[in-house]
Amino acid sequence: QVQLVESGGGLVQAGGSLRLSCVSSVRTFRRHIMGWFRQAPGKERVFVAAVDWTGGTTRYADSVKDRFTVSRDNAKNTVYLQMISLKPEDTAVYYCAEDRDGLGVTPSASSFEYDYWGQGTQVTVSS
């Protein structure tokens, strides 16, 4: 059974930092695109960031550019989201997702492209 397990969420003051981690149980993780999405209360799930299978190509939502950094460690089947200069509007449940069609494909911002999802980790930024 495929499992993606996020960790690292929590409560932080505005301007603070957090690093989210997501460990995948998928054997072929190293060939897959990995993405991060978030869902704020009462809103739909939206794209945050994604990284290709090599770690060399990344993609970000405009709202997080220059503040968030996505990276991966294929030896550990883990993807990270480093978040700095956090704002109250970053408050949401953050989900990692895995796209099996990773080789030679540009990371997508569409949730429909992702095949596996984690349960999410809560990030709360206080003002």
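This is a predicted model: local features need pLDDT of at least 70, side-chain atom pairs count only at pLDDT 80 or more; totals for chains, interfaces and linings use all residues.

Guide: Residues are numbered from 1 along each chain as its sequence is written, and side-chain values use heavy atoms, with hydrogens and water left out.

Visitor: Is strand S9 mostly covered or mostly open?

Guide: Strands are DSSP runs of E, at least two residues, numbered from the N terminus. Buried means under 20% relative accessible area, exposed over 50%, partly exposed in between (1.4 Å probe, protein chains only). S9 spans residues 92-99, and eight of its eight residues are buried. The strand is mostly covered.

Visitor: How many bridges join S4 to S9?

Guide: Two strands pair if DSSP finds at least two bridges between them. S4 (residues 33-39) and S9 share seven, and they run antiparallel. Glutamine 39 faces valine 93 of S9.

Visitor: Which way does S9 run against S11 and S10?

Guide: Antiparallel to S11 (residues 121-126), with three bridges. Alanine 92 has valine 123 in S11 as its bridge partner. S10 (residues 116-117) is also antiparallel to S9, through two bridges. There, alanine 97 stands opposite tryptophan 117.

Visitor: Where is threonine 28?

Guide: In the loop between S3 (18-24) and S4. Threonine 28 counts as buried because its relative accessible area is 17%.

Visitor: What does the side chain of threonine 28 contact?

Guide: A polar contact is a pair of N or O atoms within 3.5 Å; within protein, one must be able to donate a hydrogen and the other to accept it, and residues adjacent in sequence count only if both atoms are side-chain atoms. Here the partner is the side chain of histidine 32, at 3.1 Å.

Terms used: Helices (H or I, at least four residues) and strands (E, at least two) are DSSP runs, numbered from the N terminus.
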